[in-house]
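I opened the model and kept notes as I went. The entries below follow the order in which I looked things up.

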Amino acid sequence: MKKIMIDIKNHLMTGISYALPVIIAGSLMVAVAKIIGLIVGEPNLDAFAKSDGLMNWLYLTQDVGFKIIGLMNYVLGAYVAFSIAGKKGLAAGFTAGLIASMTGSGFLGAVLGGLLAGYSSEWVGRKIRITGSASSSVPLIILPFITVGLQVVIMLLLLGDVLSWINATLMGWVQQMTEDGTSTVMLAAVLGGMICFDLGGPVNKAAWGTANVLFLSGVYLPAILVNVAIIIPPLGYAAARFLRPHNFNQTLKEAGNGAVIMGILGISEGAIPFTLRNPARLIPINVLAGALGAMTVALFKAYPIMPPLGGLYGGFTVGHPWAYFLGALVGTAVIAIGANLLVNFNDESAEENAAAPAVNEEIDIKFD
């Protein structure tokens with residue numbers, strides 16, 4: 001059973017890894033169009049749908065961006081199925097995404113449909129074999145007929161309304177939570193702390209995955225909270241290195257230079273060389289910084305005005321961008337000051353390095 005759950009998680013993460021570039025590309029199109037519109041004093045591009053010139057081009061760019069984002073269910077369902085069964089799962093996987101969009105079951109419907117598409121395609125390809133001149137009918141006719149038919153019967157006729165209700169209920173609950181100030185701050189503290197706990201390990205992945213699941217379903221605030229937390233550790237240690245350079249050996253000084261860029265781009269792994277110096281002291285500092293930074297964003301309502309982008313520049317995709325940057329600054333300051341007070345980064349003693357395995361060794365670089 002444990003192996004099955006691990007396999008399902010891996011298939012889900014594969015599907016998300018294919019869907020996220022599509023979402024990010026669409027978000028960039030929307031963001032660029034809206035930012036240019038704001039610069040020229042026209043925040044509502046929809047009013048220029050039937051006009052000419054620059055404003056119409058911006059409207060079309062925005063419209064294409066939203067349509068790209070609308071491909072999410074299709075790509076997610078198809079590539080969850082592809083992860084299981086290869087290309088023979090794609091037809092049923094795309095159908096799963098189509099049905100998820102039709103019924104409003106969203107992310108949940110696309111994932112479940114993708115799993116059904118993948119496993120049914122794998123089973124049909126393994127069990128049904130025809131020899132001779134009719135052998136080509138299996139991949140071209142029999143397999144898509146059975147697997148797509150299962151999508152229609154199970155995901156549309158039997159489960160469509162149920163999954164739609166579950167999805168709407170979950171999204172409504174999360175939306176209500178984000179509208180309640182106290183709940184939003186608590187959510188920010190949890191997500192921010194988890195992101196900064198193991199810098200790419202399972203706790204980090206759990207928070208990152210949760211935020212991106214909600215992002216793919218159109219609930220953007222958790223992604224903003226996660227995005228600001230991700231940039232805090234590398235920027236914090238970069239600031240610590242410049243704040244007190246004599247506290248760092250040459251290797252970490254060079255790492256600090258690179259951490260500036262990694263922080264701006266949203267690559268939290270830039271903080272790993274520093275955290276490994278003394279995980280017992282620095283992991284709590286990282287968690288505190290991530291929690292306080294995300295809480296600051298929530299308190300000052302840096303809410304989305306468009307699909308949010310990761311990295312430091314993600315502040316331009318939210319309302320009150322100063323609140324986003326303030327949250328990053330608060331978290332950065334906590335690490336810059338706390339790390340210098342608690343740890344001598346010149347010290348090579350075995351006592352400090354003995355705790356290094358406490359940081360999860362499985363590191364995945366993510367651009368969030």
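Entry 1: I began with Asp 7, whose relative accessibility is 26%, so I put it down as partly exposed. This is a predicted model, and I read every value below as computed from it.

I then looked for a partner of Asp 7 and found Lys 3, the two side chains meeting in a salt bridge at 3.0 Å, N to O. Both residues belong to helix α1 and sit four residues apart, about one turn of the helix. Lys 3 has 59% relative accessibility and therefore counts as exposed.

**Entry 2: the other salt bridges.** How many salt bridges does the structure hold? I noted three.

Another of them joins the side chains of Lys 67 and Asp 63, at 2.8 Å from N to O. This pair is in helix α2, and because the two residues are four apart there, about one helical turn separates them. Lys 67 is exposed, at 53% relative accessible area. Asp 63, at 23% relative accessibility, is partly exposed.

I also wrote down Glu 122 and Arg 126, which form a salt bridge with their closest N and O atoms 3.0 Å apart. They lie in helix α5, again four residues apart, about one turn of the helix. Glu 122 is partly exposed at 27% relative accessibility. Arg 126 is also partly exposed, at 42%.

**Entry 3: the chain as a whole.** I stepped back to the overall fold. The protein chain has 15 helices and zero strands. Its C-alpha trace spans about 75 × 55 × 35 Å along the principal axes. Of its 368 residues, 48% count as buried. I also checked contacts between residues at least 6 apart in sequence, and 73% of these join residues at least 24 apart.

**Entry 4: two domains.** The chain is divided into domain 1 (1-169) and domain 2 (180-352). Their C-alpha centres lie 31 Å apart. Where they touch, 14 residues of domain 1 are in contact with 12 residues of domain 2.

How much area is buried between domain 1 and domain 2? I have about 1,200 Å², with carbon and sulfur atoms giving 87% of it. On the domain 1 side, Leu 20, Ser 27 and Phe 107 lose the most area to domain 2, and together they make up 33% of what that side buries.

I searched this interface for charged pairs, and the rule finds zero salt bridges across it. The rule likewise finds zero residue pairs in polar contact there, with both residues at pLDDT 80 or more. Helices α1 and α2 (54-69) each supply at least two residues of the side of domain 1 that touches domain 2. Of that side, α1 gives the most, with 10 residues.

**Entry 5: the largest nonpolar core.** Next I looked at the largest nonpolar core, which has 50 residues. Those touching the most other members are Leu 76, Ile 195, Leu 216, Leu 225, Val 226, Val 228 and Tyr 324. Several helices give two or more residues to this core, including α1 (2-39), α3 (72-85), α5 (106-127), α8 (181-198) and α9 (202-216). The largest contribution is from α10, with 10 residues.

Why does this core lie between domain 1 and domain 2? Both domains give residues to it, so it lies between them.

Leaving aside neighbours within four places in sequence, Val 226 is in contact with Leu 191, Ile 195, Ala 207, Trp 208 and Ala 211.

**Entry 6: a glycine.** Last, I looked up Gly 258, which lies in helix α11 (residues 250-265). Its relative accessibility is 30%, so Gly 258 counts as partly exposed. I also noted Ala 238, 20 residues from Gly 258 along the chain, with the two C-alpha atoms separated by 8.0 Å.

Terms used
Residues are numbered from 1 along each chain as its sequence is written. This is a predicted model: local features need pLDDT of at least 70, side-chain atom pairs count only at pLDDT 80 or more; totals for chains, interfaces and linings use all residues. Side-chain values use heavy atoms; hydrogens and water are left out. A nonpolar core is a set of buried Ala, Val, Leu, Ile, Met, Phe, Trp, Tyr and Cys residues joined through side-chain atoms within 4.5 Å. Buried means under 20% relative accessible area, exposed over 50%, partly exposed in between (1.4 Å probe, protein chains only). Domain bounds come from an automatic or database domain assignment. Contact means heavy atoms within 4.5 Å. Buried area is the accessible area (1.4 Å probe) that two parts lose on being put together, summed over both. A salt bridge is a side-chain nitrogen of Lys or Arg within 4 Å of a carboxyl oxygen of Asp or Glu. A polar contact is a pair of N or O atoms within 3.5 Å; within protein, one must be able to donate a hydrogen and the other to accept it, and residues adjacent in sequence count only if both atoms are side-chain atoms.
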